[in-house]
Amino acid sequence: MSKFNSNTTKKSIFKELTKDFFENRFSNLAYLPRWVIFCIDVVIVMFAGIVTYFIVANLTFKSYDTYSVSIRYFITLLTYAFFFFAFRTYAGIIRHSSFIDGMRLLLATSFTFFSLVVLNYTHFFVHETKIFLMPELFIHGVISFVLLFLFRILVKFLFETYVELENKDQIKKIVVFGIDANAFALAKALNSEQPKRYKVVAFIEKTNANRTKQVLGLPIVSFKQNASEIIRKFTASGIILSDYTLTKEEQLKIVDDCLEHNYQVLSTQTVKNWEDQKSITKNIKQFDIKDLLERQPIVIQNKLISKQIQNKTVLVTGAAGSIGSEIVQQVLAFEPAKIILVDQAETPLYELSLLVKSSLKNTTYIPFVADIKDAFIMEQILSNYQPDVIYHAAAYKHVPIMETNAYQAVLTNVLGTKTLADLAIKYQVASFVMVSTDKAVNPSNVMGASKRIAELYVQSLFMHSQSRGTKFITTRFGNVLGSNGSVVPLFTKQIQEGGPITITHPDIIRYFMTIPEACQLVLEAGSMGNGGEIYIFDMGQPVRIIDLAHKMIRLAGFVPEEDVKIEVVGLRPGEKLFEELLNDASKTLPTHHDKIMIAQEHNVADFDSFILQLENLIQYAKKMQSDAVVAEMKKIVPEFKSKNSVYENLD
């Protein structure tokens, strides 16, 4: 037993010593000191001289005997050494040897050759004898260059092979879709990246041309079959989409095909400098779930928006939120004279202020930590700055939280909107654009009902107000991908943590659009409206949340239910299986934009009675009387039917 332990210990020590040697010595070969590389180059030149000597010795002509062999080769080595210093051939990192390093070697050996030729003929004119045979100089120069270059290629090859074998479990084989210069730059960057993550094994070209070409030693495959079959053929783990000519439909077809067969799909973000390899590899990312929206992006009319915003004063409430901050960024592109940022969240507002500073040209920005419910402060802001346009994005929006804090939904979403709308008329704001939600349609929760009441107020205020100077416009859309509290960031976090992904119901569906699209439509609706309209947007096809979860898991490189579980937790208070953009009794009118429609919703019949109801509602909210609050909301919005909620008994 002791003998066995002794042998095991010896083997263990030997393993550790060899591991130390190879990992600490060989892995650092790329960073040899410059003087070592210089000495190796000189030794290579010496070896080339010996080879040249034997070649010339076997030819019919003989070397000059002006000087001895040792002196001749001393002169040669000295000249080579001088030009190695001059062109810094030793300065490059060996495993990153490139075309530039090859050019340095070529220049060093060429200048050495021509210098020795000049020396040879100078000696001839002075002493009437030559030192070197011209063929000897030429052969020596060629052999030296070839050996010096091969040395670098060999070291680079050995190092990369060693690293690849050492990390073969971590390095993934990948196929690149695209055959333009960008795709080739991407492949070069990935193959030289340290630590190495991917090994490019093939390129796919979009055309069906039958080719047998190679680039960078890798085959180019025609896209005649499914992408998954090509990936399987090369035993790769995924694909990088680098062909910017692919249409949305083609991209979706490739993505769905790859995800169905559990292959990873990656893409590249915009790269400004394709020569910067670090920049290229940093911009490789998972194929964005936003790209899987089965709908065409909405194009807006910039001229209308510019006319409304340029050189004007704009106020944005909820400016630090996901929607508000995007509105701010898009408004700045139209160069308003002033932009006023209002939000009660101090830290996000500070971060937004830092971002805004870097985007400013001729615009003055004024941030306010303020609550829209505070009538005094809001009046001071409007009185001092006299905004021309208000984008009202401030609201409480999380359904389960508002279900248990009904009073706060009323105070912020209803009273806050009422306060701001009244001040807009008082200070003759030209346009008031309110951001609403599809949850305001046939509401099943307190949050949706509070937004519907806010819609009714601004619409009715425009219709019944004595002053028609302010246009009140409402925009209504569904879920926004990537916004605070949306399902996509939640799923992303849950996947990163290894799961499970939690969904409330296997049949739940939602409409989705991106944050930029939603905000673009808010700006256009504000510019095209005459007042009193509720604009709804073409949201495309609804998405099953469970399908979204499956795609996100596959895009992250995992297998649903194997690597990441999906857990059904049940509908939350106030949650519907599906959302609507229109009331059952409502119709739509077209606009000049085929993706934007006007909802013909019923309006308040008796404005004075409606105001009394609002006052009662606000008083109940101030006293935190939740049941009374919800009961009054159901009177104001008869279609409000609570679901999965403690307030169902009030229906």
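This is a predicted model: local features need pLDDT of at least 70, side-chain atom pairs count only at pLDDT 80 or more; totals for chains, interfaces and linings use all residues.
Visitor: Which residues make the nonpolar surface patch?
Guide: Phe-138, Val-142, Val-146, Phe-149, Leu-150 and Ile-153 make that patch, about 500 Å² of it. A patch here takes residues with over 30% relative accessible area and no salt bridge, joining nonpolar side chains (Val, Leu, Ile, Met, Phe, Trp, Tyr) within 5 Å and like charges within 9 Å. The areas come from the Shrake-Rupley method with a 1.4 Å probe, and for residues only the protein chains shown count as cover.

Visitor: Why does Leu-150 count as partly exposed?
Guide: Because its relative accessibility is 47%. Buried means under 20% relative accessible area, exposed is over 50%, and partly exposed is in between (1.4 Å probe, protein chains only).

Visitor: New topic: how many salt bridges does the structure hold?
Guide: There are 10. A salt bridge means a side-chain nitrogen of Lys or Arg within 4 Å of a carboxyl oxygen of Asp or Glu. Side chains of opposite charge can pair when their charged atoms come close.

Visitor: Which residue does Asp-256 form a salt bridge with?
Guide: Lys-551, and the closest N and O atoms are 3.4 Å apart. Asp-256 is in helix α8 (residues 248-260) and Lys-551 in helix α19 (residues 545-555), so the pair ties together parts 295 residues apart in sequence.

Visitor: What about Glu-379 and Lys-426, how do their side chains meet?
Guide: In a salt bridge, 2.4 Å from N to O. Glu-379 is in helix α13 (residues 375-385) and Lys-426 in helix α15 (residues 406-426), so to speak distant parts of the chain, 47 residues apart.

Visitor: Is Lys-426 buried or exposed?
Guide: Lys-426 is exposed, with a relative accessible area of 52%, while Glu-379 is partly exposed at 22%.

Visitor: Last one: which residues are linked in a network of salt bridges?
Guide: Arg-452, Glu-455 and Arg-476 are.

Conventions. Residues are numbered from 1 along each chain as its sequence is written. Side-chain values use heavy atoms; hydrogens and water are left out. Helices (H or I, at least four residues) and strands (E, at least two) are DSSP runs, numbered from the N terminus.
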